[in-house]
Amino acid sequence: MKILVINAGSSSLKYQLIDMDTEACIAKGNCEKIGLPNSFIGGSANGKKFADRPVPMKNHAEAFNVVNETLTTGETKVIDDISEITAVGHRIVQGGSLFNKSILIDDDVIAGIESIVDLAPLHNAAHLQGIRACREIFGKELPEVAVFDNAFHSTMPPEAYMFPLPYEYYEKYHVRRYGFHGTSHRFVSARCAELMGKPLESFKLITCHIGNGASITAIKDGKVIDTSMGLTPLDGFAMGTRCGAVDPSAILYLEKKLGATPDEMSNILNKKSGVLGISGVSSDDREVKAVANDPADPRQPRAKLARDMQWYEIRKVIGGYVAAMDGVDAIVFTGGLGENTEDMRRDVCTKMSYLGILFDDDANQVTRKGKEGEISAPGSKVRVFVIPTNEELLIARDTKAIVAALPKK
């Protein structure tokens, strides 16, 4: 069984073709700048990268045609025909309160996703374009499955997901905490349970997905009880360009001082804040780290401050979730920074000595670039792991399970 995993953005279409017999990715790529004059595709096939090539793509349907051609012809060919694809799994960022699990896509599901577009206007609108383009190219007969990014967080209790705003806003406008990165948190939590040799339902776990976007999730007895992102992916702690949690009065104050519109403030909070806003260097931690470690660079103090602030906030969130769960048995780091930034992991773990973490810095130094491993030493009261995430594989697994359960024709 071969499953095509799709993550459609407003001007992009990321894909992976996964052979579910071996769970190996046989091709992946990204169609970028869809609808723009300089659109192109890049990626890899059978483990070999192919150079970016310019291809006109006016819309997502044309992008799917480009993917089809890439998968079936030339040096990037991995299948003879798209009929070899059994199903398509779509990443959907926001399922709201309507969807708490992965589901086979039909007209009612499409209408449901469309009804909550305003909860994630950029993401969900793009996902709908991807679904419709897929139907146009592959036809309605090919099963498509929606895997919702917030579904894993649907077990949160009301005291965690409600905001202390007038209750009518929750009733009328569905304003509440939803959480994101759910597919990543679900994947690494299940893998952590395997590594610990015990059911996920039997211990307390905190998973830290730290990338350019970042979130932390508390999992108790196999259920999410809290997560740092809220109504949107802006909440939580400092990220690459997002501010995370900020006193709302500061935002209102700046809005008046700047004479800014809500859209302009959203742009500041989402794209000009976080590590970029504090450091003045970049949203990329590698570039910020280089400046932070260079005493001769006049930007060093701000670069160091940006990293210190982010790490401090990560510790605060973890500490809050330890209190919420009355303890923790394991902590997982994942995501681009979580998997590769060893000095961040060292700082976070060694400055939470009250948890009884025995940190293995030798293991920490080598657990990078896709390597999975434990970075706590034997006898540590809390075990700490680095687990590379694989959201696409999780989407493919969900898709396979749903398709396998369909009535045979």
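The side chains of aspartate 235 and arginine 177 meet in a salt bridge, at 3.2 Å from N to O. This pair links distant parts of the chain, 58 residues apart. Aspartate 235 lies in the loop between strand 11 (223-227) and helix 7 (248-258). Arginine 177 lies in the loop between helix 5 and helix 6 (182-196). The model is predicted.

The two partners differ in cover. Aspartate 235 has 22% relative accessibility and counts as partly exposed. Arginine 177 has a relative accessible area of 13% and is buried. The cut-off between the two classes is 20%.

## Other salt bridges

Across the whole structure, a search finds 21 salt bridges.

Elsewhere, salt bridges link Asp285, Lys289, Arg307 and Asp343 in a network.

A bridge within a helix is also present. The side chains of glutamate 168 and lysine 172 meet at 3.6 Å, N to O. Both belong to helix 5, and being 4 residues apart, they are separated by about one helical turn. An α-helix has 3.6 residues a turn, so residues three or four places apart point the same way. Glutamate 168 is partly exposed, at 38% relative accessible area. Lysine 172 is exposed, at 54%.

The largest nonpolar core holds 34 residues. Which of them touch the most other members? They are Ile206, Ile210, Ile216, Ile318, Ile331 and Phe333.

Several elements each supply at least two residues of this core: strand 9 (204-210), strand 10 (214-220), helix 11 (300-325), strand 12 (330-334), helix 13 (342-350) and strand 14 (383-386). Helix 11 gives the largest share, 7 residues.

Helix 13 is largely enclosed by the rest of the structure, because 7 of its 9 residues are buried. The buried residues are Glu342, Asp343, Met344, Arg345, Asp347, Val348 and Cys349.

## Aromatic pairs

The structure has 5 aromatic pairs. In one, the rings of phenylalanine 99 and phenylalanine 148 have centres 4.6 Å apart and planes at 5°. Why does this pair count as stacked? The cut-off for stacking is an angle under 30 degrees, and the centres must lie within 6.5 Å. The pair meets both limits, so it is stacked.

Phenylalanine 99 is in the loop between strand 6 (85-92) and strand 7 (103-104), while phenylalanine 148 is in strand 8 (residues 144-148). The pair therefore ties together parts that are 49 residues apart in sequence.

## Tyrosines and a surface patch

Ring pairs link Tyr161, Tyr167 and Tyr170 into a cluster. Tyrosine 161 has a further contact: the charged end of arginine 176 sits over its ring, 3.8 Å from the centre.

Leu165, Tyr169 and Tyr173 make a nonpolar surface patch of about 320 Å². Leucine 165 lies in the loop between helix 4 (158-161) and helix 5 (167-173). Its relative accessible area is 47%, and it is partly exposed.

## Positive phi angles

Most residues other than glycine have a negative phi. Which residues depart from this pattern? Asparagine 46 is one, with a positive phi of about 55°. Asparagine 46 sits in the loop between strand 4 (40-45) and strand 5 (48-54). At 53% relative accessibility, asparagine 46 is exposed.

Aspartate 326 also has a positive phi, near 60°. Its place is the loop between helix 11 and strand 12. Aspartate 326 is exposed, at 65% relative accessibility.

How values were computed. Residues are numbered from 1 along each chain as its sequence is written. This is a predicted model: local features need pLDDT of at least 70, side-chain atom pairs count only at pLDDT 80 or more; totals for chains, interfaces and linings use all residues. Side-chain values use heavy atoms; hydrogens and water are left out. Rings of Phe, Tyr and Trp (its six-membered ring) pair if their centres lie within 6.5 Å; planes under 30 degrees apart count as stacked, over 60 as edge-to-face and the rest as tilted. A charge sits over a ring if NZ of Lys or CZ of Arg is within 6 Å of the ring centre and within 35 degrees of the ring normal. Patches are made of residues with over 30% relative accessible area and no salt bridge: like charges are joined within 9 Å, nonpolar side chains (Val, Leu, Ile, Met, Phe, Trp, Tyr) within 5 Å. Accessible areas come from the Shrake-Rupley method with a 1.4 Å probe; for residues, only the protein chains shown count as cover. A salt bridge is a side-chain nitrogen of Lys or Arg within 4 Å of a carboxyl oxygen of Asp or Glu. Buried means under 20% relative accessible area, exposed over 50%, partly exposed in between (1.4 Å probe, protein chains only). A nonpolar core is a set of buried Ala, Val, Leu, Ile, Met, Phe, Trp, Tyr and Cys residues joined through side-chain atoms within 4.5 Å.
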